[in-house]
Amino acid sequence: MGLHIETCTLDQLGELTEIARKTFVDAFEAHNNPRDFTHYLNSVLTREHLERELKNPNSYFYFVKSNDSLVGYFKLNKGDAQTELKGDDSLELERIYVGEKYQGMHIGKWILEQVKIIALNRNRSFLWLGVWEHNTAAIRFYERHGFRKFGRHPYYIGNDKQMDWLMRLDLVTFSS
């Protein structure tokens, strides 16, 4: 499976909205209150909201493709677009999703390697992300790839206050 990344543009907003909603539903719908989950989808993962994020000069969306098939996407934030840390030495991996039918094919690992390369090319010292504390499979994945917990922050799905682990990967260690 030959994978490549492609920077998402405003012309691809429909495609971005579709994959963002579909992968989020597949990953988390069963674990959330239906009313709160619907509220989240209709406020955060809308075409309008994603367009605002896409227009932010400090946020970057990337499609992950195998040939011409869209298999996943990820979002990176720098500077003041970061949800928690705002420093110039860090890069936030805010979203990383792989389509359900492509799960188990090591695409997440490949994406993470691409993110590390992007961060190093932008002279960042570390990557960081937030991951739901109950998403143990994702936590284990990030730990296997060198991320370590450094804090927590709340994340709301509708009115449901959930807790994310903040995890960090020092790129100096990675690049040595």
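**Notebook: cores, a helix pair and Ser66**

I began with the largest nonpolar core, which has 29 residues, and noted that F74 and Y142 touch the most other members. The model I am reading is a predicted one. I then looked up which elements build this core, and found that β2, β3 (69-77), β4 (90-98), α4 (107-121), β5 (126-132), α5 (136-144) and β7 (160-170) each supply at least two of its residues. The most comes from α4, which gives six residues.

I next listed the contacts of F74, leaving aside its neighbours within four places in sequence, and these are I5, Y60, F61, Y62, V64, L93, R95, I96, I111, V115 and I118. I also recorded a second, separate core, which has 20 residues and includes C8, L13, F28 and L54.

I turned to helix α1 (residues 13-28) and helix α3 (residues 47-55), which pack with their axes 10 Å apart and at an angle of about 115°. Angles of 65 to 115 degrees count as roughly perpendicular, and α1 and α3 are therefore described that way relative to each other. The crossing in which α1 passes α3 is right-handed. On the α1 side I noted L13, G14, L16, T17 and A20, which meet R47, L50, E51 and L54 in α3. Sorted by class, this contact of α1 with α3 has five nonpolar, two polar and two charged residues.

My last entry is on S66, which I located in strand β2 (residues 59-66). Is S66 buried or exposed? Its relative accessibility is 9%, so S66 counts as buried. Apart from neighbours within four places in sequence, S66 is in contact with M1, G2, L3 and V71.

Technical notes:
Residues numbered from 1 in each chain as written. Predicted model: local features only at pLDDT ≥ 70, side-chain atom pairs only at ≥ 80, totals over all residues. Heavy atoms only, no water. Axes fitted to C-alpha atoms, helices over the stretch in contact; angles between N-to-C directions. Helix = DSSP H or I, 4+ residues; strand = E, 2+ residues; numbered from the N terminus. Parallel < 35°, antiparallel > 145°, perpendicular 65-115°, else oblique. Left-handed = near helix turned anticlockwise from the far one by under 90°. Contact = heavy atoms within 4.5 Å. Nonpolar A, V, L, I, M, F, W, Y, C, P; charged D, E, K, R; others polar. Buried < 20%, exposed > 50% of the residue type's maximum accessible area, 1.4 Å probe, protein only. Core = buried A, V, L, I, M, F, W, Y, C linked by side-chain atoms within 4.5 Å.
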